[in-house]
Amino acid sequence: MTDARIAVHTEASIDRIAPEVHGHFAEHLGRCIYGGIWHGDSAAESGFREDTVSLLADLELPVLRWPGGCFADDYHWEDGVGPRDERPRRRNLFWAQGPEETPEESNAFGSDEFLELCERIGTEPYLAANVGSSDPQEAANWVEYCNYDGDTELADRRRNNGHEEPYGVTYWGLGNENWGCGGRMTPEQYAREYRRFATYVGTMDNLMLDHELELIACGFEGHEWNRRFLEEVNGAPWGASFPLDHLTLHHYYGRTMTVAEADEDQYDQFLVEALEMEDHIERIAAAINAVATTRDIGVIVDEWGSWHPEATADTGLEQPGTVLDALSAAAVLDIFNDYSDVVTMSNIAQTVNVLQCLVETDEDDAWARPTYRVFDFYAPHKGNEAVRTSVSAPTRELADDGEDRELPLVGASASIGDDETYVTVTNLDCRAERTVEIALEAATLSEGDVRAEILFADQEPDLEVTADNADEFTAADLSVSVDGSSIVAELPPSTVAAVSIE
Ligand code: AHR
């Protein structure tokens with residue numbers, strides 16, 4: 001007797017899963033850069049943390065967004081290039097920086113350090129330009145510094161700073177949360193700013209024949225804001241030909257669930273909030289479809305993840321890393337797979353030490369959080385063709401919920417690669433084991449065709465990762481029974497399974 005059935009419709013393709021959907025976000029905030037990725041915050045004691053770099057390189061993250069966040073709209077890139085001991089120390093409006101939590105930015109880690117990090121870990125950079133407190137010239141100059149191969153002062157400055165060849169940065173975000181910390185703009189105001197910035201940054205693209213820039217506008221969670229923004233951008237005479245490749249949304253969840261005190265009812269609510277990602281994607285896609293029918297605009301979720309009450313400005317937005325958080329990441333990655341025809345990139349917040357980070361550090365060590373294991377587990381989906389799944393599973397009504405929301409207790413997604421079909425399954429039920437059947441359309445399977453693994457079978461959902469227990473969260477073999485086109489597995493509470501079928 002099974003509790004849930006997942007039908008995998010192998011003939012019903014959705015789209016290729018963009019590898020960039022497994023992207024990350026690193027902001028100058030708390031101990032993310034200074035302390036997490038970079039030692040010290042002065043010229044004298046600077047350098048990469050090799051332990052963090054090595055963990056990030058192993059994960060093969062496809063893209064990394066930097067330097068913010070709210071930080072980006074108060075950041076001036078020229079402060080962070082050139083000899084480190086000559087860089088100005090600046091006040092920062094938004095976040096405490098570094099281990100001493102001083103609200104100042106040393107600029108020890110700037111563009112060349114970030115782009116070197118990307119080269120070392122094999123990731124594509126995604127730079128967020130300052131729209132809120134700067135002008136299009138500064139953004140266009142940044143593109144020229146990074147990407148131009150000609151005979152100009154800015155290209156020479158990059159060469160003198162140690163990088164002869166252009167970096168070829170493709171992804172350029174124009175602003176961050178410009179409805180909030182990035183200038184408190186109306187959608188129409190931001191659209192006008194976006195047009196100015198995209199004109200100058202986009203024109204830079206024409207000068208550089210070797211690669212194409214992808215320009216990214218910062219959207220909002222609500223449909224209406226995005227629709228008004230897109231209408232204003234599109235409304236100009238040059239309308240549909242205007243450079244706008246992606247529109248973003250941010251979705252954080254768990255703001256009322258203090259990790260240390262939460263009970264099982266709150267776990268359910270937390271996971272329902274994570275699953276609301278689907279509604280946000282639907283809404284932003286509807287806004288794009290309503291306004292921009294003649295153009296191809298991708299959706300980037302360039303900040304997402306858990307944000308618990310433990311993460312305050314005073315703690316540098318640090319919070320415990322638990323199985324429950326990791327489970328939410330798995331559920332969200334399943335949603336991204338299901339919307340592979342819409343979602344072109346995502347960037348979980350944040351890479352190291354901050355919010356739902358993947359890597360945590362102290363003075364001596366760096367270690368993987370449970371969410372890191374989920375990204376590793378889902379890696380085979382990257383670049384595969386996503387296919388439709390239908391999940392029949394029990395649901396649980398949320399306790400004391402005025403909105404009558406329900407948690408679906410099992411989730412899944414599936415994709416097809418060159419040699420295998422890959423199915424990921426979550427048991428979102430923290431109270432009970434679930435027996436799950438995975439049924440592959442039109443397949444005849446034998447035991448030897450199927451390999452299965454499981455995460456978190458031996459851990460409680462609220463178990464917090466530390467330097468000492470980090471290795472316990474790695475994947476284990478999962479035994480399954482195979483019969484014809486069906487695979488049956490027993491999933492303990494709060495677990496993630498992956499089944500690969502040759
Ligand atoms: O990730 C932390 C902050 O959350 C970012 O700076 C901002 O963009 C968002 O509100």
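The exercises below, each with a worked solution, go through a predicted model.

Residues are numbered from 1 along each chain as its sequence is written, and side-chain values use heavy atoms, with hydrogens and water left out. As the model is predicted, local features need pLDDT of at least 70 and side-chain atom pairs count only at pLDDT 80 or more, while totals for chains, interfaces and linings use all residues.

**Exercise 1. Find the disulfide and describe its two ends.**

Step 1: A disulfide is taken as a pair of cysteine sulfur atoms within 2.5 Å, and by this rule the count comes to 1 disulfide. The pair is cysteine 70 and cysteine 181, whose sulfur atoms are 2.2 Å apart.

Step 2: The torsion about the S-S bond of cysteine 70 and cysteine 181 is about -90°, so this disulfide is left-handed.

Step 3: Helices (H or I, at least four residues) and strands (E, at least two) are DSSP runs, numbered from the N terminus. Cysteine 70 lies in the loop between strand 5 (63-66) and strand 6 (90-91), and cysteine 181 in the loop between strand 9 (171-174) and helix 5 (187-207), so that the pair, 111 residues apart, links distant parts of the chain.

Step 4: For accessibility, buried means under 20% relative accessible area, exposed over 50%, and partly exposed in between, with a 1.4 Å probe and protein chains only. Cysteine 70, at 11%, is therefore buried, whereas cysteine 181, at 25%, counts as partly exposed.

Step 5: Cysteine 32 is in no disulfide, the nearest cysteine sulfur being that of cysteine 357, 8.3 Å away; with 0% relative accessibility, cysteine 32 counts as buried.

**Exercise 2. Work out how helix 1 packs against helix 2.**

Step 1: Axes are lines fitted to C-alpha atoms, for helices over the stretch in contact, and angles run from 0 to 180 degrees between N-to-C directions. Helix 1 (residues 50-59) and helix 2 (residues 111-121) have axes 9 Å apart and an angle of about 50°.

Step 2: Angles under 35 degrees count as roughly parallel, over 145 as roughly antiparallel, 65 to 115 as roughly perpendicular and the rest as oblique, and helix 1 and helix 2 are therefore oblique to each other.

Step 3: With contact meaning heavy atoms within 4.5 Å, Glu50, Val53, Leu56 and Ala57 of helix 1 meet Leu117, Arg120 and Ile121 of helix 2.

**Exercise 3. Trace the partners of strand 22 in its sheet.**

Step 1: Two strands pair if DSSP finds at least two bridges between them. The open sheet has 10 strands in the order 23-22-26-20-19-16-1-21-25-24, with mixed pairing, and its edge strands are strand 23 and strand 24 (480-483), each pairing on one side only.

Step 2: Strand 22 (residues 450-455) pairs in the antiparallel sense with strand 26 (residues 495-501) over 6 bridges, and likewise antiparallel with strand 23 (residues 476-477) over 2 bridges.

Step 3: Glutamate 453 has alanine 498 as its bridge partner in strand 26, and this glutamate 453 stands opposite aspartate 477 in strand 23.
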